[in-house]
Amino acid sequence: ADSLRYYLIKSNAPWEDTAFQKDGPKNARKILNTYWNVVNFASTYMNIDGYDPEAHTAEEMKEYLRKEDLWMLSRTENMKKEVTAFMETRELHKVARSLENYIMEDLSRWYVRLVRDRTWTEDEDSEKDKNASYFTLHYAIMNTAIVLAPVAPHISEEVYRHMGGTLESVHMEAPPDN
């Protein structure tokens, strides 16, 4: 259901006619599946290392964040700002396109690739470094779930619960503030 919904929202502006393409939902599924794979990657290693997102604050992690972590946090904030602006102007097709670019390029292709080796290290000295990457991943994943919820409600809800969301539903979260 989310794939079809995502495709229909992304394909064109709401005020234009929709020319349905057979591969459209399949391509939308690739985007949502990529997001789900990032979540699985993050949660697998967070569980192995016993990472608790509630135990770490941004202030505590600040000194351990690498350049790629700061970049990802910045890209997440930019995505939230962009999506909020598009939501306010009712340009839902641009919301979906912005999310696609963020998920496929920033989160999956760049950030996960950059931090993969950090999550695999086993030495004791790397715990703070690992926690910084986990903090950043968790922040990116949860904020993506919140802004993705109007476009793909089912996967957003599943991710939110899977990653330890504190409210009863992702749909009860406040919209991002910028």
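A crossing of two helices is left-handed if the near helix is turned anticlockwise from the far one by less than a right angle, and right-handed if clockwise. Keep that picture in mind for the tour.

This is a predicted model, in which local features need pLDDT of at least 70 and side-chain atom pairs count only at pLDDT 80 or more, while totals for chains, interfaces and linings use all residues. Residues are numbered from 1 along each chain as its sequence is written, and side-chain values use heavy atoms, with hydrogens and water left out.

**Stop 1: α5 and α6**

Select residues 92-120, which form α5, and residues 127-148, which form helix α6. Helices here (H or I, at least four residues) are DSSP runs, numbered from the N terminus. Axes are lines fitted to C-alpha atoms, for helices over the stretch in contact, and angles run from 0 to 180 degrees between N-to-C directions.

Now show side chains. Contact means heavy atoms within 4.5 Å. Among the residues that make this contact are Leu 99, Tyr 102, Ile 103 and Leu 107 of α5, and Tyr 134, Leu 137, Ala 140 and Thr 144 of α6. By class, the contact has 13 nonpolar, four polar and three charged residues. Here Ala, Val, Leu, Ile, Met, Phe, Trp, Tyr, Cys and Pro count as nonpolar, Asp, Glu, Lys and Arg as charged, and the others, Gly among them, as polar.

**Stop 2**

Next, select residues 24-48, helix α2. α2 and α5 pack at an angle of about 25°, with their axes 10 Å apart. That makes α2 roughly parallel to α5. Lys 30, Ile 31 and Thr 34 are among the α2 residues here, and they belong to a contact that includes Glu 100, Met 104 and Ser 108 of α5. This contact divides into 10 nonpolar, three polar and three charged residues.

Now look from α2 towards α6. Their axes come within 10 Å and cross at roughly 145°, and α2 passes α6 in a left-handed crossing. The α2 side of the contact includes Leu 32, Val 39 and Met 46, and the α6 side includes His 138, Ile 141 and Ala 145. How many charged residues does the contact of α2 with α6 have? There are no charged residues in it, but 13 nonpolar and two polar.

**Stop 3**

Zoom in on Tyr 35. Leaving aside its neighbours within four places in sequence, Tyr 35 is in contact with Ile 103, Leu 107, Ile 141, Thr 144, Ala 145, Leu 148, Ile 155 and Val 159. A nonpolar core is a set of buried Ala, Val, Leu, Ile, Met, Phe, Trp, Tyr and Cys residues joined through side-chain atoms within 4.5 Å. Buried means under 20% relative accessible area, exposed over 50%, and partly exposed in between (1.4 Å probe, protein chains only).

The largest nonpolar core has 49 residues, and Tyr 35 is one of those with the most contacts inside it, along with Tyr 6, Leu 99, Leu 137, Ile 141 and Leu 148. Which helix gives the most to this core? That is α6, with 11 residues.

**Stop 4**

Select residues 2-11, α1. Its buried residues are Asp 2, Ser 3, Tyr 6, Tyr 7 and Ile 9, and what covers them includes α2, α5, α6 and α7. Then click on Ala 28 in helix α2. Ala 28 is buried, with a relative accessible area of 4%. Beyond its neighbours within four places in sequence, Ala 28 is in contact with Ser 3, Tyr 6 and Tyr 7.

**Stop 5: two loops**

Select Asp 49, in the loop between α2 and α3. Asp 49 counts as partly exposed at 32% relative accessibility. Setting aside neighbours within four places in sequence, Asp 49 is in contact with Thr 119, Lys 130 and Tyr 134.

Finish at Arg 90, in the loop between α4 and α5. Is Arg 90 buried or exposed? Arg 90 is exposed, with a relative accessible area of 57%. Check its backbone too: phi of Arg 90 is near 60°, a positive value in a residue other than glycine. Most residues other than glycine have a negative phi.

Key. Parallel < 35°, antiparallel > 145°, perpendicular 65-115°, else oblique.
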